Structures are given as structure tokens and as C-alpha cells.
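These are my notebook entries on a structure that I went through piece by piece. I wrote down what I looked up and what I found.

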Amino acid sequence: MPPSENRTASRLPSPSLPNPGSPHGGTDGGADTRAPLDGSPELLRAAFRRHPAGVAVITARGRRLAGFTATSLTSVSAEPPLVSFGVGTASGSWPVIAEAEHVGVHLLGEHQRELAATFARSGADRFAPPTRWREGPEGVPLLESVPVWLVCRVVARVPAGDHRVVVAEVVAGDPAGPGRPLVHHDGRYNALRD
């Protein structure tokens, strides 16, 4: 779930953590007695605030340049090499992604927190300085100094609620750039600790 979509979860009370003394987390040996919450956007956001995720920026070129920060990037298949990511249909990037034949996938490093924030911010000119980028294979805008970049050919756009899940085949890339991974957790960008 992209960082910009995690705002509502901060209004939910923090769940009490179980006590580690029993098989179920409580010292009395009993089961956790909290009632489950009903399924809702708030529950999903609260759950995924507790799930650390790598930070990626997806870029594409259409009638204009488009890009956004994503924490939904997933490796799908090795044969053929496929990845997927989610994009909101109400986002400013969706009209470009909806028609793009190729996209750029950038795995960000811990030195790129500001870049992640820029691509997550609505209304920002994401490709203006200080963002450094160049044209890559298939005309895809490639961000500079990222640990990993991939150029991918879009093979499917699957409807999923208010999003589309984009499936894309890797056609080029470089996995040997500088830096350690950037991680998104609890509404913040963090460095990966050993």
C-alpha cells in the first residue's frame, strides 16, 4: 500500500500487545480475548502500518512523465521474470500507467528518503531538480543512484477495487547500484538495521 494512503490508520488505537509468557501471548495461559475488528479500509491500513515493506518508485512516459512511490512491489515469477505493483485509479499517475507499454521500477536506498517523499507527494513536480534522472531503455525515465532499476514491459492490468494490479515482465535492469535498502514502516521511511 503506498505510503500516501496510510493516513487513516494513525487515528486507530494501538492494539495492546500480548504478554509473551504464554503460548497465546498472555501470562494467564488463556487465549487472546480481544474481539476481531470488522473488515474495513481502516483495518487494512492499520494492519499494513505494522508490515515493513521495501520502497520503490514506478515511472513511465506517456504524453507526460509520471511516477509514484510504491510499497506494493512484488516479485511474481522467475520464468518469465515478472513483477507486480498496485496503482490507484484516482492517482495522477494512473492515466499514464494505463497506456504505457513499459515502466521503470526503482528500488530505493536508505539515502533516498527525500526522493521517496517527493514521489509520494500529491501535486509535486516529481522530475524537477533535485531529482536526477535520464532516459533509459524503451524511453523509460530512470532515476539515478538507486540500488536497483528495472525496465519492464506491461503484460496485464488487473482490476482490484479502487486500484489496478499491474503485472510487468523485466526486460532490462541493473541490480548493482549504491546503497542499502529503504524500508517503509509505521508511516515512516527507515534504514534497514542488521
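**Entry 1: a tryptophan and its aromatic neighbours**

I began with Trp133, which counts as partly exposed because its relative accessibility is 28%; buried means under 20% relative accessible area, exposed means over 50%, and partly exposed lies in between, with a 1.4 Å probe and protein chains only. Before going on, I noted that this is a predicted model, in which local features need pLDDT of at least 70 and side-chain atom pairs count only at pLDDT 80 or more, while totals for chains, interfaces and linings use all residues. I also noted that residues are numbered from 1 along each chain as its sequence is written, and that side-chain values use heavy atoms, with hydrogens and water left out.

How many aromatic pairs does a search of the whole structure find? I found three, where rings of Phe, Tyr and Trp (the six-membered ring of Trp) pair if their centres lie within 6.5 Å, and where planes under 30 degrees apart count as stacked, over 60 as edge-to-face and the rest as tilted. One of them is the tilted pair of Phe68 and Phe85, with 6.0 Å centre to centre and 55 degrees between the planes. This pair links distant parts of the chain, since Phe68 is in strand β3 and Phe85 is in strand β5, 17 residues apart; I took helices (H or I, at least four residues) and strands (E, at least two) as DSSP runs, numbered from the N terminus. Both Phe68 and Phe85 are buried.

Trp133 itself forms an edge-to-face pair with Phe127, at 5.6 Å centre to centre and with 75 degrees between the planes. Phe127 counts as buried because its relative accessible area is 11%. I then saw that Phe119, Phe127 and Trp133 form one aromatic cluster.

**Entry 2: the open sheet**

Next I looked up the sheet, in which three strands lie in the order β1-β11-β12 with antiparallel pairing, and which is open. Its edge strands are β1 (53–54) and β12 (188–191), each of which pairs on one side only; two strands pair if DSSP finds at least two bridges between them.

β1 and β11 (residues 182–185) pair in the antiparallel sense over two bridges.

Leu182 has Ala191 in β12 as its bridge partner. The hairpin of β11 and β12 has two residues between the strands, and in it Asp186 takes a positive phi near 55 degrees.

**Entry 3: the helix on the sheet**

Which residues of α3 are buried? I listed Leu115, Ala116, Thr118, Phe119 and Ala120. These buried residues pack against β2 (56–61), β3 (65–70), β8 (141–143), β11 and β12, where contact means heavy atoms within 4.5 Å.

**Entry 4: backbone angles and peptide bonds**

I reminded myself that most residues other than glycine have a negative phi, and that most peptide bonds are trans. With this in mind, I looked for exceptions.

The peptide bond from Glu79 to Pro80 is cis, with omega near -5 degrees, and Pro80 has its place in the loop between β4 (74–77) and β5 (82–88). Another cis peptide bond joins Pro129 and Pro130, with omega about 15 degrees, and Pro130 lies in the loop between α3 and β7 (133–135).

Glu138, in the loop between β7 and β8, has a positive phi near 60 degrees although it is a residue other than glycine. Is Glu138 buried or exposed? Glu138 counts as exposed, because its relative accessibility is 55%.

Ser145 is not a glycine either, yet its phi is positive at about 65 degrees. I located Ser145 in the loop between β8 and β9 (148–160), where Ser145 is partly exposed, with a relative accessible area of 31%.

**Entry 5: a histidine and its contacts**

Last, I turned to His102, which lies in strand β6 (residues 102–107) and counts as buried because its relative accessibility is 14%. Which residues does His102 touch, not counting those up to four places away in sequence? I noted Ala60, Glu138, Val140, Val151, Cys152, Arg153 and Val171.
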